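Please look over the model below together with these notes, which are set out as numbered points for checking against the coordinates.

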Amino acid sequence: MADPKKQLAYNIVEFLRTSAQDGTVKEDDKESLEVAVQVINEAFGVDPDSAEDQAAYSIKPASLLQLLDVLTKTKSKTASAAAAPAAAATPVAAASSGPTPSEKAKAEQLKTKGNMLMGKKDYDAAIVEYTAAIALDPNPVFYSNRAAAWGGLGKHEEAAEDAERAIELDPKFAKGFSRLGHAQFSQGEYQKAIDAYESGLKLDPTNANMKSSLATAKTRLAEQTSTSVSDREPAPGAGAGAGGMPDLSALAGMFGGGGAGGAGGMPDIASMMRNPQMMAMAQQMMANGGLERLMSNPALRGMAENMQNGGGMPDFNALAQDPAMRDLASQFMGGQGGQGQ
């Protein structure tokens, strides 16, 4: 058997010599080609002029170009034959990606069973049936029904997820928006619920249930906003701790009633300092520098001197009605009454 490497080298030399003779190679390149032939002959030990080598290695009447052409055509046919079964299998694969008619029918049976369980308020069992139906046929209706079951269990986050999945599968499925709105409303997300109901009503403008739910969501949002604002605004006349106007009438009670000027006697200081309102007022006064402003006021300085001289306690009820004193109290409490925090 001929050495395949020598046979290949011999026929390459034959190809090169033929190319030099038939004009394939330019005249200027023939000398280089002859050098290449000599190198190949010496490297592989072949002689194209030898009858013995010709008998052992020549592939005539074929040539390397003919063999290459056959190889190329064979390879092309092989590739086409391999692609044909794959192309034929594509429709089958595409058909298998969706549920078969029998799977659709089974999924409908599971949905019907789930609906019956929903009527009995057996939400856990209904979820099992809807989930099995979804596994066979990912239908937006099945996701919507399972969202209702989640809602029956109070699991509104899961309900919202299923409603959103239903909408993804069918953006024109109005029931999906209704389920989503209910789930978001149940979580206190009233603005999101409003958006969902409005989207659903664009698809089903006559849906009375969504209209009613939308109105309720808007009412709740308004109440929520009103409550939020009122929580940030303290009531007028709030206690000293809030930086508001002190209740001078309440102070009268701390000092033992009206405190008429001729009643005499000092209040129970220990009891006063245990009073939370009094402590809060004192802390606020010190924090705002109100104590210094308080003692520099001529009216209060006169009251203090009167008490020191045995003139008795002032009438705090009367002080509470004195506009100048109210203004003074507002100043030493920081002038912050009625502002939101």
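**Notes on the model**

1. The side chains of K113 and E129 form a salt bridge at 3.7 Å, N to O, where a salt bridge is a side-chain nitrogen of Lys or Arg within 4 Å of a carboxyl oxygen of Asp or Glu. The pair joins distant parts of the chain, with K113 in helix α5 (residues 101-119) and E129 in helix α6 (residues 123-136), 16 residues apart; helices here are DSSP runs (H or I, at least four residues), strands are E runs of at least two, and both are numbered from the N terminus. K113 is partly exposed, with a relative accessible area of 45%, whereas E129 counts as buried at 12% (buried means under 20% relative accessible area, exposed over 50%, partly exposed in between, with a 1.4 Å probe and protein chains only).

2. This is a predicted model, in which local features need pLDDT of at least 70 and side-chain atom pairs count only at pLDDT 80 or more, while totals for chains, interfaces and linings use all residues. Residues are numbered from 1 along each chain as its sequence is written, and side-chain values use heavy atoms, with hydrogens and water left out.

3. The mean pLDDT (the predictor's confidence in each residue, from 0 to 100) is 77 for the protein, and 62% of its residues reach 70 or more. Over residues 254-266 the pLDDT is below 50, although this stretch has 24 contacts in the model beyond near neighbours in sequence, a contact meaning heavy atoms within 4.5 Å. Where pLDDT is low, the predicted coordinates should not be read in detail.

4. The whole structure holds nine salt bridges. One of them pairs E14 with K60 at 3.5 Å, N to O, and links helix α1 (residues 4-21) to the loop between α3 (51-57) and α4, across 46 residues. E14 is buried, at 16% relative accessible area, whereas K60 is exposed, at 56%.

5. Another salt bridge, between E168 and R165 (3.3 Å, N to O), lies within helix α8 (residues 156-169), where the two residues are three apart, about one turn of the helix. E168 is exposed, with a relative accessible area of 57%, and R165 is partly exposed, at 31%.

6. Q184 sits in helix α9 (residues 174-186) and counts as buried, at 9% relative accessibility. Leaving aside neighbours within four places in sequence, Q184 is in contact with E189, K192, A193 and A196.
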